[in-house]
Structures are given as structure tokens and as C-alpha cells.
Amino acid sequence: MSKSPLSDLRKNYGKHSLEDHVVPDDPFDQFEAWLADALREDVPEPNAMTVATVGANGRPSTRIVLIKGFDRDGIVWYTNYNSRKGRELVANPFAALQFHWVELERVVRIEGKVEKVSEAESDAYFASRPLTHRIGAWASNQSEEIADRGVIVARAAEYGLKFGLRPPRPPHWGGYRLKPDYWEFWQGRSSRLHDRFAYVLGDDGRWTRSRLAP
């Protein structure tokens, strides 16, 4: 078997560091600082995150979604509740998130339990979306098989005529909030001696921070 060129691909990280004396005790503070860096440095799609779920059959699946808010209650995104991820969260209400800010040589991993946001929160965010996006939420039965693109184009036209400029939020569409109980921050360093910190939430509601071997 010939050698694959993939085996020769390497990158020497060295743009930043993550030192013990500057890492805060609260992971939300660290996340807020790194997200601010990603926004300031014009990282492409700094709000894009991978969501990993596990279905009743035990098989994991991942997809990219966009973070729409966060605070100490958790990380929020919006989607179709009937999608594969929605069905899997019914079977197993735990998920993992990952941000990969390539240009900053940083990765953030987050794990925790997922719950739906309130209907009022979902209504407010839905109303803030562009009209075409609101119509699209009605037109797409996300994750379901369709014959061709014409199916959703036709459905979008149908719902556009039905609702005009004021489509309501579909009952199958809304927000999720992941409530973290584990965080991990990875900063690329030279010689593969990367910086890596984990935060674990204790039963007392306090975070325990530790440095992990890369």
C-alpha cells in the first residue's frame, strides 16, 4: 500500500498559550474571553459549533449548528425538534458541543444535559429572524427524505403565500439549552505539548479545574 500524503500533514502550533496563572476559576469566564477573541479576530463563523448526540440505538451523530446565546444557565441554539438531533435528544437528553477556532489554534469542548428553552424565548428569537428563514422553518421537514430540491422550494412558496410577512413559529421549531457540567479548553502549542484544561461541576455547584496532558 502506497503511503498516503495525509500522514505527512503537520502543523506547528505556536500563536498563543494558556498558562495556569491566567486561567479563571469559572469556565464561563474563559469561554467568554475566547469567544470575544474569535469575534475580534474575524475568525470565519466563530459562532459555529458541532453538536454531538446519541440515539436510542447507541450510535452517535454530529452536525454543525450556530450558537445563539449563552450565560451561566447554558448554551443555546435553535432547530427543528423533529430532526434527527431532536429525536435523539428525546431518547438521550445529553449532548456534547465543540468549537474549533482554527485561526486561533483553539478548541472548546462542552458536555451536559439538554432541555428546551421556554416557548417565550423561542417565539422572541423566531420573530427576530429574516422572513425567508422563518418561511424556511415551515418548508423544511428537517432530516426527512425528499425527492428533489423542488419539494422544499414549492413548500416555501406555499407557506410564503399562506403567511405573508408574519409567519408564526412552527410548533416543531424552537430552542435548546445545554447546561454544562464539563468544559475543556485546548490551546495548540509547539512540539505537540499543548495546553489543556478541564472543568468539572461538583454536586455542590462548584467547578473543579485541572490541567490535562495533551
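Colleague: What makes up residues 36-159, and how far apart are the end C-alpha atoms?

Modeller: Over that stretch the chain is 35% helix and 35% strand. The end C-alpha atoms lie 38 Å apart. Helices (H or I, at least four residues) and strands (E, at least two) are DSSP runs, numbered from the N terminus. This is a predicted model, in which local features need pLDDT of at least 70 and side-chain atom pairs pLDDT 80 or more, while totals for chains, interfaces and linings use all residues. Residues are numbered from 1 along each chain as its sequence is written, and side-chain values use heavy atoms, with hydrogens and water left out.

Colleague: What does UniProt list for residues 36-159?

Modeller: The record, an unreviewed entry, gives "domain: Pyridoxamine 5'-phosphate oxidase N-terminal". UniProt positions follow the numbering used here, feature names are shortened, and annotations may be inferred rather than shown by experiment.

Colleague: How many helices and strands does the protein chain have?

Modeller: The count is 5 helices and 9 strands. Along the sequence they follow the pattern α-β-β-β-β-α-β-β-α-α-α-β-β-β. The C-alpha trace spans about 60 × 55 × 40 Å along its principal axes.

Colleague: Why is R106 called buried?

Modeller: Its relative accessible area is 6%. Buried means under 20%, exposed over 50%, and partly exposed in between (1.4 Å probe, protein chains only). Across the protein chain, buried residues make up 38% of the 214 residues.

Colleague: Where does R106 lie, and which residues does it touch?

Modeller: R106 lies in strand 6, residues 106-116. It touches H16, W34, D37, F99, H100, W101, W186 and Q187, leaving aside residues up to four places away in sequence. Touching is contact, meaning heavy atoms within 4.5 Å.

Colleague: What makes the R106 and Q187 pair a polar contact?

Modeller: Their side chains are joined at 2.7 Å. A polar contact is a pair of N or O atoms within 3.5 Å; within protein, one must be able to donate a hydrogen and the other to accept it, and residues adjacent in sequence count only if both atoms are side-chain atoms. The 2.7 Å value is within that limit.

Colleague: Is E105 buried or exposed?

Modeller: E105 has 3% relative accessibility, so it counts as buried. It lies in the loop between strand 5 (94-101) and strand 6.

Colleague: Is D42 buried or exposed?

Modeller: D42 has 65% relative accessibility, so it counts as exposed. It sits in the loop between helix 1 (27-40) and strand 1 (48-54). Phi of D42 is near 55°, a positive value in a residue other than glycine.

Colleague: Why does N80 count as buried, and which atoms does its side chain reach?

Modeller: N80 has 3% relative accessibility, so it is buried. Its side chain reaches the backbone nitrogen of N82 at 2.7 Å and the backbone oxygen of S140 at 3.4 Å. N80 is in strand 4, residues 74-80. Among the residues it touches are Q142, H172 and W173.

Colleague: At what angle do helix 4 and helix 5 pack?

Modeller: Helix 4 (residues 131-139) and helix 5 (residues 149-163) pack at about 115°, with axes 8 Å apart. Axes are lines fitted to C-alpha atoms, for helices over the stretch in contact, and angles run from 0 to 180 degrees between N-to-C directions.

Colleague: Which residues meet there?

Modeller: I135, W138 and A139 in helix 4 meet I152, R155, A156, Y159, G160 and F163 in helix 5. They divide into 7 nonpolar, 1 polar and 1 charged. Ala, Val, Leu, Ile, Met, Phe, Trp, Tyr, Cys and Pro count as nonpolar, Asp, Glu, Lys and Arg as charged, and the others, Gly among them, as polar.

Colleague: Which residues of helix 4 are buried?

Modeller: They are R134, I135, A137, W138 and A139. These pack against helix 3 (119-128), helix 5 and strand 7 (173-187).

Colleague: Why is G136 called partly exposed?

Modeller: G136, also in helix 4, has a relative accessible area of 28%, so it is partly exposed. G136 and W173 are 37 residues apart in sequence and 11 Å apart in space, C-alpha to C-alpha.
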